[in-house]
Amino acid sequence: MSIPRRALVAAAVALVLPLSACGSGDSGGSTDASGKVEGDITFQTWNLRANFKAYFEGVIADFEKKYPGTHVKWIDQPAEGYADKISADAAGGTLPDVVNVSPDLVAPLAKAGLALDLDKSAAQYEKEYLAGAWASHRIPGMTGTYAFPWYLNTGPLFYNKSLFKEAGLDAAQPPTTYDELFSEALQLAKKSDGKVATLANVPTVEDFGRYGVELMNKAGTAFSFNDAKGIELLTKYKELYDAKALDAQALTATPESSGRKFLTGAVAMNPGSALDLGNFKKQAPNLYRNIGITDQITSTGKVNMYVMGVMVNSRTKQTPAAVAFAHYVTDARNQMSFAKKVAIFPSTAGSLGDPYFTQEDGTDETRVRIAAAKSLKNAVNYTPVLFSEQMKTALRNEVAKALQGKESPKTALDNAVKACDTLLRQQG
């Protein structure tokens, strides 16, 4: 793929930014963005220079032309260690004026008073974005929106039609509900004598969300995914694991390793995006000929949305310029231009109705793009903004114990919620 998945999929990059690193102190900037757009600002992106240098240089040049007297210095940071870099900059008072973030990175910055509240400083722009995308950078327990939504991503489930046929399943009618998924997974494992699993990953907090579990209380002060529905989902996964319908290596799987399992025919279903189709065609032509494409399975009717954002440093000395540039990068014209360079989707209202996202041309790539664009119109980001990398690890460890039979699903989720609540209190 032309852009690292880590930079495209926010769910894969939820990194912890310690609140303690942010400090407090007096704000050096103004929340008033209504003044003249002028001055020097810095703009930081997340692992995008290698593939999109010309695009961003063009956006910056156009902005500087539109607003004479402005100058934008572009900084690009590598994917690895990005959260640590933001943390160090926040602590040292060197945070750039405009910063590429994911929702989880916004939360500690907003709590520390370092993220500009756009509901106060740029509320006039809210209507330009999809409601779910604008809301994705709101923090439970706080009022305000702390970043402009930028590019979105989602994707379908891919499945191997030949493996479904070999198991006596209808390859033209893939599962559309969790009950169907679990039933067909057990049948596929039984027919293959445990040689073919249907799924390759243990359930994450996003999966609990899609299953319809209430992940947090309304105030955002405690987690609640250990309710009856959460226990039900983990119990189902335990059944799959015991029957080898969930891959034996799922406890240590990564998106990359799961993708390889799917490529080799060891796993029958795997989530992905339009980017993956070219990979299938090149690396596994037999799979490509037998690829099935279906919607994400949810109990809520809403698919998961991964979202990136552009935050304005509340301490910038050039608030009008920083807000104007953050809006410019994420406006409909520039988002549409970016979406045609890589398989992502604009967060701007109306953009998903463009012919690029609605008109079929007979290719699978376009079919996936159109289906994803349609689903994004009411998609949600299931991963809680406050769910840190440490919390993900705590949940994963407890899920592993349940699948291995070391704890009951209820005990495992009770322990995970307790650990996550402790970490939540430590965030401040």
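Does Lys120 count as buried or exposed, and at what relative accessibility? Lys120 counts as exposed because its relative accessibility is 72%, where exposed means over 50% relative accessible area, buried under 20% and partly exposed in between, with a 1.4 Å probe and protein chains only. Lys120 belongs to helix α5 (residues 118-121). Its C-alpha lies 7.5 Å from that of Gly144, at a separation of 24 residues in sequence.

The model is predicted, so local features need pLDDT of at least 70 and side-chain atom pairs count only at pLDDT 80 or more, while totals for chains, interfaces and linings use all residues. Residues are numbered from 1 along each chain as its sequence is written, and side-chain values use heavy atoms, with hydrogens and water left out.

Helices (H or I, at least four residues) and strands (E, at least two) are DSSP runs numbered from the N terminus. Two strands pair if DSSP finds at least two bridges between them. On these terms, five strands form an open sheet in the order β2-β1-β3-β8-β4, with mixed pairing. The edges are held by β2 (70-77) and β4 (148-153); each has a single partner strand, so one side of each lacks a neighbour in the sheet. From one strand to the next the twist averages 20 degrees, with axes as lines fitted to C-alpha atoms and angles running from 0 to 180 degrees between N-to-C directions.

Strand β8 (residues 306-312) has antiparallel pairings. Strand β3 (residues 98-101) is joined to β8 by four bridges, with Asn100 partnering Val310. Four bridges also pair β4 with β8, and here Pro149 has Gly309 as its bridge partner.

In a regular strand the side chains alternate between the two faces of the sheet. In β8 both faces are covered, with Tyr306, Met308, Val310 and Val312 buried on one side and Val307, Gly309 and Met311 on the other. Seven of the seven residues of β8 are thus buried.

Helix α3 (residues 82-92) has Tyr82, Ala83, Ile86, Ser87, Asp89 and Ala90 buried. These residues lie on the same side of α3 because they cover an arc of only 165 degrees around the axis, the arc being that of the directions from the helix axis to the C-beta atoms. The face turned away from that buried side carries exposed Asp84, Ala91 and Gly92.

On a 1 Å grid over the protein atoms alone, a cavity is a set of points where a 1.4 Å probe fits but cannot get out; a pocket is an open set with protein on both sides within 12 Å along at least five of seven lines, and lining residues have an atom within 4 Å of a point. Grid points are joined across faces, edges and corners, and a volume is the space filled by probe spheres set on the points.

The second largest pocket holds about 750 Å³. Its lining has 24 residues, with Val380, Asn381, Tyr382, Thr383 and Pro384 nearest the centre.
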